[in-house]
Structures are given as C-alpha cells and as structure tokens.
Amino acid sequence: MRIGLFSIAGMARLDDLVAQARLARDTGLDSVFFGHTASWDALMTAALAGREVPGIEVGTAIVPTFPRHPLALASQALTAQAMTGGRFTLGVGPSHPQVIEDAHGISYERPARHVREYLSALRPLLRGEDVDYHGETLTAVGTMDAPGATAPPVLVSALGPAMLRVSGELADGTVTTWTGAEAIADHIVPTITKAAEAAGRPAPRVLAGAVVALTTDPDGVRRTLADQFGPASAFPAYRAILDRQGLSGVHETVIAGDENTITRELRRFADAGATDLLISPHNNTPRVLELATSLR
C-alpha cells in the first residue's frame, strides 16, 4: 500500500504547503494530494509543489468539475503534468450541492451523469485527441496541443454506487473521505473493481483518506473535530456513506489514540484492499507520518 499526505490547500500559506510536500518526501511517503477549498487553487498548488519538490507524486483530491469546463481543466492538468515531469495525478469530483448550487449558482442535478459526461470529454482531451462531444449536461469541441506532456491519471471522488461505477468504467480509481476500513472492504473496493472489470479496464487505485490524531484524549479530539467539520455530515454524499457505516457524524471516522492504536487502525486499510492511504494529520504531523511509513 502506498502512503501519501493529504493537505487542504486553503489551510496554510503556499510556502508552507510546499514545505509539507518536502516533509512528505523526506519522510519517505509516496505522494501528497491537495484538497480544494475557497482559497488556493489545489491544481496550481500541486503543480507548484511538484515543481519545487522532485521525487514525489503530487495530485488533487479533488478539483470540482461543475465550475470548470473540461477544455479548461484539460489545459491546466497538462500544464501541471509538464511542470512536474509526469508526477501529477488529477483528482476530480462533483463536490456537493451546498457548494455548487448555493455558492456557484449551478444546478447539481444528477451528479453521476454529469461526471460520466465530463470524463467522456476530459479523458480524450488529456490524450491530445480531437473531441466533438455533445451531451445532456455539457458540450466540448476542440483539442489540446501540449508538446511533451502526457495524459495524467484521473481519479474521481466516489462514495455511492453510481459514482463508483462511473469511476471504474472511465477513470483510473477513486479517492474516499470519511470512510473507514470496513466500508472500503465491503463497499468501495468491490463496487469499483467490478465496474472496472466489466469495462475491460485495469484494477483501479483506491485512495483511502484518513484523519489521524496522535493523542491521549481521543474523545476530546473527536469532539473538537465534530465542532470543526460537523456541518459536512449533512452533505448528501457524506451522509449516505456515514449511514452505511452506522455513524452519526464525520468525527466518528477519525483515527485517534496512541501509536499502537494508530498503527493497528491504519493497517486495516491495507487489509481492506486500499491501494493508497492518504493521511491527514490532526496534530504531531512528523510523527504521524513516520508511523504511516512504518506500515511498509
């Protein structure tokens, strides 16, 4: 199982985000992925970090699809791929109605259909092919001429069955969040793998995100994170995966405790079939990353 660092691009200064990527590489991690918020652009942050820090995969987890046309995103992604010497991975997803409809004023109707059409246009554009796509939700006509750039792998944020099927058929894997090892084993891995096999595609990557806190007060950490991230529990996609796990809120997915507890719980993701583990440290980042790398 590959080990990576997950960092929210809007939670620090740009120089500090580059420093996080450098720490991840120097600790021996395989990757660093940046989440997108209403702050720094995750894709540009990943490109900058990859340019400044050689020797580690960089990526986005994820760039929202609704606000960016496939032609625009393909251009950005190929630029990032060239800037990083082929070490960039593009993670995309529909985001949430609270973000897309309330903030952007864009309809969030049938997100799985939207992502299917989006990938149908985006993937050929990334390969430099001529595209003349006319779907129900978008039109994309054109090509990308990016000399020397190769198509980056594409991942999709997928938690529900419909989105996992789209990911298996049209993408290279998925990125999860607020999802424990048991749900990875029983739901995520079998659903996306079955879809990939039916489409004649290679076995997909499954990047499992995990918030990790090294602490003597795990209940206190979960209360703090419930206050910080509690509203996310009401987002439809997160609510559905939490209900599937029998959990009341996203804070209950946090891995918190001493070093033995953290190591044991992280190892469960490898046993569940995750190909990658994306660690989001709540505190004591250097030691948490060292514990993660010890899983190898």
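Biologist: How are α6 and α7 oriented to each other?

Modeller: Angles under 35 degrees count as roughly parallel, over 145 as roughly antiparallel, 65 to 115 as roughly perpendicular, and the rest as oblique. In this predicted model, helix α6 (residues 161-170) packs on helix α7 (residues 181-198) at an angle of about 45 degrees, with the axes 7 Å apart, and α6 and α7 are therefore oblique to each other. Axes here are lines fitted to C-alpha atoms, for helices over the stretch in contact, and angles run from 0 to 180 degrees between N-to-C directions. Helices (H or I, at least four residues) and strands (E, at least two) are DSSP runs, numbered from the N terminus.

Biologist: Which residues of α6 and α7 make the contact?

Modeller: Contact means heavy atoms within 4.5 Å. On α6 the contact residues are Pro161, Leu164, Arg165, Ser167, Gly168 and Glu169, and on α7 they are His187, Ile188, Thr191, Ile192, Ala195 and Ala196. By class they divide into 6 nonpolar, 4 polar and 2 charged, where Ala, Val, Leu, Ile, Met, Phe, Trp, Tyr, Cys and Pro count as nonpolar, Asp, Glu, Lys and Arg as charged, and the others, Gly among them, as polar.

Biologist: Is serine 167 buried or exposed?

Modeller: Buried means under 20% relative accessible area, exposed over 50%, and partly exposed in between (1.4 Å probe, protein chains only). Serine 167, which lies in helix α6, has a relative accessible area of 0% and so is buried. Leaving aside residues up to four places away in sequence, serine 167 touches Val156, Ala158, Asp172, Gly173 and Ile192. Its C-alpha atom is separated by 8.0 Å from that of alanine 196, 29 residues apart along the chain.

Biologist: In which sense do strand β8 and β9 pair?

Modeller: Two strands pair if DSSP finds at least two bridges between them. Strand β8 (residues 154-157) pairs with β9 in the parallel sense over 2 bridges, and valine 156 stands opposite threonine 174 in β9.

Biologist: At what angle do helix α3 and helix α5 cross?

Modeller: The axes of helix α3 (residues 70-83) and helix α5 (residues 111-126) come within 9 Å and cross at roughly 40 degrees, which makes α3 oblique to α5. Pro70, Leu71, Leu73, Ala74, Ala77 and Leu78 of α3 meet Tyr118, Ala121, Leu122, Leu125 and Leu126 of α5, a contact with 11 nonpolar, no polar and no charged residues.

Biologist: What conventions apply throughout?

Modeller: Residues are numbered from 1 along each chain as its sequence is written, and side-chain values use heavy atoms, with hydrogens and water left out. As this is a predicted model, local features need pLDDT of at least 70 and side-chain atom pairs count only at pLDDT 80 or more, while totals for chains, interfaces and linings use all residues.
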